[in-house]
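This report goes through a few features of one protein chain. Please keep the structure in view while reading.

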Amino acid sequence: MSVSEETHHADVADLAKFGYRQELRRALGVYSSFAVAFSYISPSTGIFTLYFLGIGLGGPAFIWSWPIVVLGQFIIALNFAEVSSHFPVVGSVYQWTKYLSNRHYSWLTGWIYLFAGVLTVTAVDVTVPIVLIPFLNGLPLGLNIANDLETQRIIAVIVLISTTALNVFGVRLVAIVNNTGVVFEILGMVIFALILLIFYSHQSPSVVLDFSYLSVGGANPLGTFFAAMFMSLFVVYGFDTASTLAEETKNPRREAPKAVLASVIGAFIIGAIFLFATLLAIPGDINKYAADAAAFKAAPPVDIITVNLPGWAAETYLFVVFAAIYVCCLAIQTSTIRLGFGMARDGKLPLGRVYNNVSSTLHTPIGTCIVIGGLSAVPLLYYSGAGLVAIAATGMIYLSYFLGNLAILIARTKGWPKETAPFKLGRWGVPVNILGLVWGGSMLINFLWPRGSSNPPLSALPNITVPDFLANVPIFEATVVAIVVIGAVYYLIAQRGSAMTPAPQPGN
């Protein structure tokens, strides 16, 4: 028996300890595991979605939100890396809380995380047009595609259908597309950023120390900076995807934690280079440009690229970014499908037993792929811009991360982990866990903060009539309440008396 066959049999036996048989295909190696987590984070996707918000609120000083957010999220990643080494099953925070807490808490965490993933799929799908439309219009084809909400929605639907189809045809195909896209993103973002930095710098590097824009109009500098952080907050999450795909990864106890941490580090380096280069490439008065971005008179970072680079180079850059965002859509949907599969397999989702069967040929849960694709299309029925969808999605992710970290800390106080694992924090586990909760809790307050820029009231939504008693409810709070209330009704009807999930055998 070869080494790879021995590893496969060991992984199958390990999964059996959790009461599951191997149905998905173990096709992901070290690089693929890293690539899918990196693609979920995808610095180019988040930056291109909310760059206008970051610079429009914070001016050049918003760049400092990047290292702050990455450090905070790396603390979360350290905690998640340890639990992923103990629980190599699909579902991330749902599975971790299932084994470390109780069935009620884990169901709530999984439900919130599932719809956070669905909203994130939608948010990234509607990011594609931000880059694709300028790219297509720049080709010598005489195109003049309108960059309006309806066109963005049509493109998002096409992207969603294609990524759903790719997921249906298996993780191996997803990995090939994803791995290629990561190479595009890493090389493209860095190389073109360095070209901007070397040949098209219009600002002094000291511009990053200009904090004056934070106080424009008598605004509170700290509060403004916290709002400007939303761009960075939208980027740095999803690193737990390497754990979510554990049942399709070879030797996941060892490889998933490495991929979790490497994806955050890689995203930090690439994002920092890109943000610094684009800031310095802004021509003229940078604070005036920030004001134009806030007033939607500028479209960063696309117009920073197109105004500086020759036509062919700008087009190449936009294509690279389009490819990166597309594989981000693919990775996020893959991760959300696996979470849905894990919950439905446990009987925790409506009609899960009906649609959650794994194809014996493709080794994918085809019905779950279609259900997640359909749910991700629902927010497009009413679409008012990528920014609002992104903010709601990000806040939901941070909420589910906080709930997961809370369950892990409580388990630590009761003596977990009792067994060793390839990745362990040892005596640093509790301090890291507490720091993660402090960070996550502070960012939840940031998301809940009612602000016209980052968490506007429902009355601010265009082309919709909101009842008076709901008019002043912020969008993020409304999203959370709606998902939790729907979940509570379903839980009381169908889940409250459900059976406990058996505990894993010793060694976890």
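Helix 16 covers residues 311-345, which makes 35 residues. From the first C-alpha to the last, helix 16 reaches 51 Å, close to the 51 Å expected at 1.5 Å a residue. Because 31 of its 35 residues are buried, helix 16 is largely enclosed by the rest of the structure. G347 follows helix 16 and has a positive phi, near 75°.

The model is predicted. Its mean pLDDT is 90, and 97% of the residues reach 70 or more. Among the elements, the lowest mean pLDDT, 80, belongs to helix 1 (residues 3-16), and the highest, 97, to helix 4 (residues 65-86).

The structure holds 30 aromatic pairs. Two of them are set out below.

| Pair | Centre to centre | Angle between planes | Type |
|---|---|---|---|
| F87 and Y99 | 5.4 Å | 10° | stacked |
| F230 and F447 | 5.0 Å | 70° | edge-to-face |

F87 sits in the loop between helix 4 and helix 5, while Y99 is in helix 5, 12 residues apart. F87 is buried, with a relative accessible area of 2%, and Y99 counts as buried at 15%. In the other pair, F230 in helix 11 and F447 in helix 20 are 217 residues apart. Both F230 and F447 are buried. These two also belong to a cluster linked by ring pairs, together with Y40, F234, Y237, Y398 and F476.

On the surface, Y31, V183, L187 and I191 form a nonpolar patch with about 350 Å² of accessible area together. Helix 9 (residues 171-199) gives the most to this patch, with 3 residues. Y31 lies in helix 2 and is partly exposed, at 37% relative accessible area.

Definitions and conventions:
Residues are numbered from 1 along each chain as its sequence is written. This is a predicted model: local features need pLDDT of at least 70, side-chain atom pairs count only at pLDDT 80 or more; totals for chains, interfaces and linings use all residues. Side-chain values use heavy atoms; hydrogens and water are left out. Helices (H or I, at least four residues) and strands (E, at least two) are DSSP runs, numbered from the N terminus. The expected span of a helix is 1.5 Å times one less than its number of residues. Buried means under 20% relative accessible area, exposed over 50%, partly exposed in between (1.4 Å probe, protein chains only). Patches are made of residues with over 30% relative accessible area and no salt bridge: like charges are joined within 9 Å, nonpolar side chains (Val, Leu, Ile, Met, Phe, Trp, Tyr) within 5 Å. Accessible areas come from the Shrake-Rupley method with a 1.4 Å probe; for residues, only the protein chains shown count as cover. A salt bridge is a side-chain nitrogen of Lys or Arg within 4 Å of a carboxyl oxygen of Asp or Glu. pLDDT is the predictor's confidence in each residue, from 0 to 100. Rings of Phe, Tyr and Trp (its six-membered ring) pair if their centres lie within 6.5 Å; planes under 30 degrees apart count as stacked, over 60 as edge-to-face and the rest as tilted.
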